[in-house]
Amino acid sequence: MAFVINPNEGDSGGSGAAPRPDVRAGRKILSCVGITGGTTQGGNPKWSTTWVVVQDPDGGQDVGALVFETLTLTERAAWKIRIIAQAVGQSASWNAEDREAMYKVLSRAPVVAKIELAESRTGRTDRDGNVRMEAEVKGWYRYSGSLTDDQRAVIRDGQSWYKAWRAKKDGGSTAPPVKRGGPPDQWDGGSGGGSYDHDDIPF
């Protein structure tokens, strides 16, 4: 009996869910669904953040897609964190080295993000050998609308995906956050924290 594989069914993770769409250029409504602590190649603390598209004004095609953004905790790069904080409506100061506080700020409200596509900074290629185009957020703005039940469901789905992804990346570990000898002082468990690219670029 043949073991038949249909590449158009499910996703590569074996969950049976439909594959997530790629993010296209344009303005999208994003919500933060997870953050991971890590250290950049230059030795600076960082947060690798994951966002899900909850609304796509361009026909809704990108809803459910994921956007990844690295936030480096240095004075030179702090301006981006301030802009995102303003976009989510955060007015009070907080300790950006604290994971719980940082996630609470980033996830307090959805934001409008201006997405542009650029060639992979690490030279990643697609199946045909072409350099991959990756989403980059070029602007963060306040979202004045309110979430619908469907959009809240998209956020919950994104949070579930992130939790499962982190568990898989950390070898299935369910251990509490582990200190690593320096800020950020609360880390996700396992050694896989902070795996995103262009770590030290302050934009």
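Residues are numbered from 1 along each chain as its sequence is written, and side-chain values use heavy atoms, without hydrogens or water. Because the model is predicted, local features need pLDDT of at least 70 and side-chain atom pairs count only at pLDDT 80 or more, while totals for chains, interfaces and linings use all residues.

**Exercise 1. Find how many aromatic pairs the structure has, and describe the pair of W51 and W140.**

Step 1. Rings of Phe, Tyr and Trp (its six-membered ring) pair if their centres lie within 6.5 Å; planes under 30 degrees apart count as stacked, over 60 as edge-to-face and the rest as tilted. A search of the whole structure gives 3 such pairs.

Step 2. W51 and W140 are 5.0 Å apart centre to centre, with 50° between the planes, and the pair is tilted.

Step 3. W51 belongs to strand β2 (residues 45-55) and W140 to strand β5 (residues 133-142), so their pair ties together parts 89 residues apart in sequence. Helices (H or I, at least four residues) and strands (E, at least two) are DSSP runs, numbered from the N terminus.

Step 4. Buried means under 20% relative accessible area, exposed over 50%, and partly exposed in between (1.4 Å probe, protein chains only). W51 is buried at 0%, and W140 is buried at 8%.

**Exercise 2. Describe the pair of W161 and W165.**

Step 1. The rings of W161 and W165 are stacked, with 5.6 Å centre to centre and 10° between the planes.

Step 2. Both residues lie in helix α3 (residues 149-169), 4 residues apart, about one turn of the helix.

Step 3. W161 is partly exposed, with a relative accessible area of 26%; W165 is also partly exposed, at 21%.

Step 4. Ring pairs link W161, Y162 and W165 into a cluster.

**Exercise 3. Work out how β2 pairs with β1 and with β3.**

Step 1. Two strands pair if DSSP finds at least two bridges between them. β1 and β2 are antiparallel over 10 bridges, and I35 has T49 of β2 as its bridge partner.

Step 2. The hairpin of β1 and β2 has 5 residues between the strands, and G43 there takes a positive phi near 90°.

Step 3. β2 and β3 also run antiparallel, joined by 7 bridges. V52 has L66 of β3 as its bridge partner, and S48 stands opposite T70.

Step 4. In β2, 10 of the 11 residues are buried, so the strand is largely enclosed by the rest of the structure. β3 is mostly covered, with 6 of its 7 residues buried.
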